[in-house]
Amino acid sequence: MDVNAESSPLPPANRDGGIDQDWAGDDQDWWDWYVTLAENDDAPIALVAGPGLPDVDPADDEQLRVELAAPYRLDAAQREAFRRDAFIKLAHVLSPAVVRRLAERLDSLLRAEHGDDVAGRFIALEQLWLHDEVMRLVAFSPRLGGLAAELLGEPAIRIYHDNALSKEPGCGRTPWHHDAEHFPLATLQAVTAWIPVTAIPAYMGPLALARGAHVRDMVADLSFDKVGTTYDAAVARRLVESDVAVDASPFAVGEVSFHSALCFHTAGPNRSTQPRRALATTYYADGARVLESPTLVSGRWRDFLPGVEPGGLAVSTLNPIVAGREGEGMVQSLGGLFGLESSQSSIRFGCTHYRRKRRWLTRPGQFEAQADPNLSAAARTHGDARSTQRRMSSRNTRPARPVRGCPWNSRRCTPTVLAAGRRPLTCIAAVTQVVPRWPHLRFAGVLHCAPLP
Ligand SMILES: O=C(O)CCC(=O)C(=O)O
């Protein structure tokens, strides 16, 4: 056994050997270990007051749903910047009211799980979307998921996991790393949306991102050290020697960064009396496989891809498509958006409305989503829009009416409403997507949802 391993917080089963083994602890054990790999000054950290939460009322349910469903427009320069830099920071992705709502919700979730005796630690909580309606809206947000798909240039993306990350007052640095060594995925087509739930000034340790998709090659010869800080220190030195620019700028309220799995990043210590909190939600390209040999750095990856073995297709009930292919992606993202109750074993969506060449087109398609009895939001889609179209009669089509809460011009968004059986419609939502073949077009869909009779 390595001498250092004895004092390391590695689970006993992971102390011997290299990193080519499964992580033996839980997710929090992983973070407690991981932050010990960062070099920190010996000097005690003097804490100052943080910025507090945004000084507004928290968004209500309606505002939350509408905002998280509305598209965020990227221009060609932003898409190119992400491709070149391997990350992008986007302003005003969320309003202060939504940020405040997320901050309050995260606070109660984190306190319920970890209590208050957490000073100086890096506290995490993952897969919140499975149990919490607000967090489900974030994880399956067409706004955030749509951005992830567009930045990756992928026709469809799946969720790997969501994560609440709370760097408590006095907690030191996050070590330099890139996420390709964290996710057990045999693809670099993965991206994490890092969503702060307050402003994060420099003294709180905002995520700091090394600029350039080429940086990974510059540090590829450095070997990972599972018990000390040598890897973190070596990466830091190499980046300085190679004149790599690092964006360590503060995050304003509502600003969100997206970093690719190949982006090297770190974060400074939290020198404030306020926890530095963010949600980190990771998406990856549909079709990706799990690595043949995941390592302990991937932590409890089997929890995030249950039933998937090394080398297998990275698809499980916990990885629905969040954004992308018309139909499946929309319905699955809406499954999350609506937060299906497990008592509703099935829902039906009708009428996709999309905009093409300045015209709104209506596709009276219908998709059914089956809720997994063990997992309320993992919608499995089936059905075929065209065959449904043939089955539809004018009898079950209601006249157009305005869509409440629709983020677009509601006159143009007045769709024909499909009556699903005898039950009244219960949900209305809007989603958008970008089809890579026509990147200049924005397909906006308004879907209606109702429980099956
Ligand atoms: O929040 C942090 O300090 C690190 C987060 C991170 O590494 C990530 O989200 O990939």
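**Note on the ligand shell and a helix pair**

1. In this predicted model, the residues that surround the ligand are L165, K167, T174, D179, T192, W194, L207, H265, A267, A278 and A280. Sorted by class, this shell comprises six nonpolar, three polar and two charged residues.

2. Several strands contribute to the shell around the ligand. Strand 3 (156-167), strand 5 (190-196), strand 9 (265-267) and strand 10 (276-285) supply at least two residues each.

3. Helix 3, spanning residues 61-69, packs with helix 5, spanning residues 96-114, at an angle of about 110°, and their axes lie 10 Å apart. Angles of 65 to 115 degrees count as roughly perpendicular, and helix 3 and helix 5 are therefore roughly perpendicular to each other. The crossing in which helix 3 passes helix 5 is left-handed.

4. On the side of helix 3, the contact is formed by Q63, L64 and E67, while helix 5 provides A97, V98 and R101. The class composition of this contact between helix 3 and helix 5 is three nonpolar, one polar and two charged residues.

5. As to the protein overall, the secondary structure amounts to 12 helices and 18 strands. The protein has 453 residues, of which 48% count as buried. Among contacts in the protein with a separation of 6 or more, 78% are between residues 24 or more positions apart.

Notes:
Residues numbered from 1 in each chain as written. Predicted model: local features only at pLDDT ≥ 70, side-chain atom pairs only at ≥ 80, totals over all residues. Near = placed C-beta within 6 Å. Helix = DSSP H or I, 4+ residues; strand = E, 2+ residues; numbered from the N terminus. Nonpolar A, V, L, I, M, F, W, Y, C, P; charged D, E, K, R; others polar. Axes fitted to C-alpha atoms, helices over the stretch in contact; angles between N-to-C directions. Parallel < 35°, antiparallel > 145°, perpendicular 65-115°, else oblique. Left-handed = near helix turned anticlockwise from the far one by under 90°. Contact = placed C-beta atoms within 7 Å. Buried ≥ 20, exposed ≤ 12 C-beta atoms within 10 Å, placed from the backbone.
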